[in-house]
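Here are some notes to go with your first look at this one. Keep the viewer open and follow along point by point.

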Amino acid sequence: MKYKDLITTYCVGMLLWLPWIFHAQDVRTFKGELELQKYKGEASYSYLLKDTDTILNGPFTFNRSNLKALLEKEDVSFSIQGQFTNNYPEGNWSFRFNEFQSSDNNAVEDYRYVVNVDGNQRVASGNLLQGRPDGTWTIKVQQIKDSEVRQVDFNSVITFEKGVPQQSFRIEDQQQELVGRFLRNGLAHDKWTLFSDRELDEIESWYFDEGVLQTIEANSRNGSRSIPVFKDLNTRTEVISLGEKYMKILEFLLSDSDARKVREGGITYLLTTNEGHYQNIDDILSALGSSSFSPEFKVVVPFYPLASNEKEAIDTTVAYYQKSRSISDFLLNDSQLNIRKLSDQDVRSLEDEVAAITENILQPLQRVDEYHKDDILTHIEKDKIIANLWENGISQLQDFEKYKISLKGKINPEDNVFKVLKIISEQTFYRLEEIQATLQSKIDKQVKQQEAIALEKEMVTRHNYLEELGERGRADSIPTLFFEAIDQLKNTAEDKLKAYSEIENLEKKLEFGRTLVHCFEDYGKIGERVLKLPEQQKEIHEKYMDAVWNPFIATLMDEMVKKRIVSAYDDVLIPYFLEEINDGLACEEAKSWMNMVDLTYKQLLILRDEDTRKMERKLKKEKDPIVVLQRFKVPVVTNQD
C-alpha cells in the first residue's frame with residue numbers, strides 16, 4: 001500500500017512539473033538587428049513561444065551607436081535596457097536617446113583615443129509594474145558638452161503607484177517650473193503653480209478640488225486675472241485624462257481670449273511637453289509587449305449623457321456638414337468658375353453667396369464636427385452650444401433667410417439644440433446643392449458651346465481639305481470623272497453642314513457635330529484614294545503587260561494579258577467606285593468603301609501571277625460590279641443613303 005501511494009505521489013508530481021519542463025524547452029533567445037518604430041539597432045532578448053504568439057520574458061537590451069558617423073558628422077544613438085515578465089515590461093528600465101557630435105576637446109590616454117561628445121540627450125528611468133509606471137519616474141533633456149552635462153533643458157519627476165500618479169510632482173524647463181500634487185486616486189488636487197526664473201512670484205496657478213478645476217489665475221506685470229472654470233459644478237461628472245480632450249473642453253467653456261491664455265500658458269506647455277516624452281516611451285513599449293505607459297493625470301469634468309435621438313441628430317449634422325463642405329470647397333476653388341465670375345454677374349453673385357455661407361454657417365458647423373471627433377459633446381452644456389457657435393444665438397439663425405436657407409417654421413427656441421443643428425446643416429446642404437446645380441449648368445453649357453465651336457472649326461478645316469483635293473486633281477490633269485467625284489464629296493459634306501446648322505438643340509448638335517468630324521476625316525481619306533486611282537490603274541496596266549513574239553514583224557512586243565480582268569477593273573469597277581460617291585456616300589459606309597477599293601487593288605496585283613482562266617471565262621461580258629467584286633473575292637459595299 002505504501003508503494004502504491006508513493007507511485008501515485010510521484011506521478012502527480014511529474015504531471016505538475018511537466019508544463020514547466022516543456023515551458024523551459026520553449027525559451028528562445030534573439031540577438032540581432034531589430035527595427036522598432038523609427039529606431040533600428042542591435043537587440044538581445046529572451047522569449048517564449050505560445051501557440052503562434054511571441055511572449056517576451058527576461059532581460060531586454062536594444063541599442064545603436066556609430067563611431068564613424070560621430071567622427072564624420074553626427075551620430076543619432078540610443079540605448080534601451082529593461083526586462084519582461086510574461087510579455088509585460090517589469091522592474092527597472094532606462095532609456096537614452098542621443099544626438100551627438102564629436103567634441104574638439106579630445107585626448108590620448110595610454111594607447112587609447114578618448115573622444116568627447118557634444119550634443120543633446122534625452123534620458124528616462126524608473127520602475128515598471130505590469131507595463132505601468134510604478135515608483136518615481138524621471139525624464140530629462142540635457143545638453144552635453146565635452147561628455148558632461150552642462151545644462152538641463154527639461155526635467156520631469158513624477159511618482160506613480162501601479163500607473164496612478166501620486167503625491168507631488170515637478171516639471172520644469174530652463175525658464176519655468178510647475179509643481180503640483182495628486183490624490184491617491186490620481187486626481188489633480190490643490191494648487192498647481194507655475195514659477196518663472198524671471199519673476200519672483202508665481203505667474204500661473206490652477207486650483208483643483210478633487211480633480212475639478214475651479215479657477216485659473218494668470219499673473220503678469222500688467223496685473224492678474226482670475227478665470228473661473230468649473231466653479232459651481234452641480235451635475236453628473238466623469239473622470240478623464242488631463243490631455244488634449246480636456247483642453248478642448250476648456251476652450252469651449254472659456255472666452256476666446258481666456259482660452260488663448262490657457263492654451264499658450266506655461267502650465268499647458270509643460271504638461272504637453274511631458275506628455276510627448278511619455279508617449280514616445282509608450283510607443284516603444286507598446287510595440288514590444290503589453291504596456292500602458294502614460295502619466296494619466298486625472299481630472300473631473302461635467303457629463304451630460306446623450307439620448308439616442310440626440311446621437312442620431314449629431315451624426316446627421318456631421319454628415320450634412322461634410323457634404324456641404326465638399327460642395328463649398330469645390331465651388332470656391334474651381335478654376336472655371338473663378339474665371340467665369342469675372343464676366344458673369346450671376347456666377348459672381350452665387351460664388352459670393354457660397355463664400356458667405358461657408359463663413360457664417362459651415363465654419364461654425366465645422367466646430368461641431370470637431371467636437372464630435374474629439375468626443376467632447378457629452379462634456380459641454382447643450383444650452384450653450386448655439387451661443388458658442390453663433391454670437392446672437394437662435395435669433396442670428398433667422399438671418400440665414402438671405403441665403404435662401406429657410407428655417408422659418410422649422411425651428412423654435414425651445415427645440416433641442418441638436419435638432420436645430422441637424423435642420424441647419426440639412427437646409428444648408430440643400431441650398432448649396434441647388435447653387436452647385438445652377439453653376440454647373442452654366443459651366444456645362446459654356447463647355448458645350450466651346451466644344452461646338454471647336455467642332456465647327458474642325459469641320460470647316462476638313463471641308464476645305466476636300467476642296468483642296470479637287471483643285472489638286474485639276475492641277476494634275478487627271479480625268480474629269482475623278483476630280484468631279486471629289487467635288488461631289490465636298491457637296492455631300494456641305495449638305496451635312498447645312499443640316500448641322502439647322503439643329504437648335506445643343507446636345508443633338510454636339511452629337512451630330514462629333515459624327516461629322518469623323519465623317520469628314522473619312523471623306524478626306526476617300527478623296528486621297530480617288531486621286532490615286534489613275535496612278536493605280538496605270539500600275540495595274542504595266543503589271544499585266546507581257547512581252548509577246550510577233551511573227552509578222554519578227555520581234556517582241558508588249559501586249560496586255562488577262563484582258564478581261566483588267567477590263568473589268570477599268571470599265572466596271574472604277575466607274576462603280578465613283579458612282580457610289582456621286583450618289584452621296586453615307587458616312588457610315590465610308591470605311592467600307594475605302595476597304596473595298598484598297599482590297600480590289602491588292603487583289604488585282606495578286607491575280608496577275610495566279611491561274612485565272614476559269615475566272616476570266618466567268619467575267620466574259622460581265623457588267624455587274626457586284627458580281628465582278630465577288631469574282632475578285634472582295635467584300636461588297638452598297639450606298640444605303
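**Notes on the model**

1. Start with confidence, since this is a predicted model. The mean pLDDT of the protein is 86, and 90% of its residues reach 70 or more. Residues 15-25 are a stretch to treat separately: pLDDT there is below 50, and beyond near neighbours in sequence the stretch has one contact in the model.

2. Next, the overall make-up. You'll find 17 helices and 20 strands in the protein. Of its 641 residues, 43% are buried. Its accessible surface is about 35700 Å², and carbon and sulfur atoms account for 47% of that. As for how the chain meets itself, take the contacts between residues at least 6 apart in sequence: 56% of them join residues at least 24 apart.

3. How many disulfides does a search of the whole structure find? The search turns up one, and the pair is Cys519 and Cys587, with sulfur atoms 2.0 Å apart. The angle about the S-S bond is -80°, which makes this link left-handed. Cys519 sits in helix 13 (residues 506-543), while Cys587 is in the loop between helix 14 (563-582) and helix 15 (590-607), so the pair ties together parts that are 68 residues apart in sequence.

4. Which residues line the largest cavity? They are Phe97, Arg122, Val123, Ala124, Ile139, Lys140, His277, Asn280 and Ile281. Strand 8 (117-129), strand 9 (132-145) and helix 5 (266-288) are the elements that give two or more residues to this lining.

5. Two or more lining residues come from each of helix 3 (244-253), helix 4 (256-264) and helix 8. Which helix gives the most to the lining of this pocket? That is helix 3, with four residues.

6. While you are at helix 8 (residues 345-373), look for Glu370, which is found there. Glu370 is partly exposed, at 34% relative accessible area. How far apart in sequence and in space are Glu370 and Lys248? The two are 122 residues apart in sequence, and their C-alpha atoms are 9.5 Å apart.

7. A couple of backbone angles deserve a click. Most residues other than glycine have a negative phi. Asn86 is not a glycine, yet its phi is positive, at about 55°. Where is Asn86? Look in the loop between strand 4 (75-85) and strand 5 (88-102). Asn86 counts as partly exposed, with 49% relative accessibility.

8. Asp190 also has a positive phi, near 65°, and it is a residue other than glycine. This time the place is a strand: Asp190 lies in strand 13 (residues 188-196). At 32% relative accessibility, Asp190 is partly exposed.

9. Stay on strand 13 for one last stop, Ser196. Is Ser196 buried or exposed? Its relative accessibility is 9%, so Ser196 counts as buried. Setting aside neighbours within four places in sequence, Ser196 is in contact with Gln175, Gln176 and Ile203.

Notes. Residues numbered from 1 in each chain as written. Predicted model: local features only at pLDDT ≥ 70, side-chain atom pairs only at ≥ 80, totals over all residues. Heavy atoms only, no water. Buried < 20%, exposed > 50% of the residue type's maximum accessible area, 1.4 Å probe, protein only. Contact = heavy atoms within 4.5 Å. Areas by Shrake-Rupley, 256 points an atom, 1.4 Å probe, with all protein chains shown as cover. pLDDT = per-residue confidence, 0-100. Disulfide = S-S within 2.5 Å. 1 Å grid on protein atoms, 1.4 Å probe; cavity = no way out; pocket = protein on both sides within 12 Å on 5 of 7 lines; lining within 4 Å.
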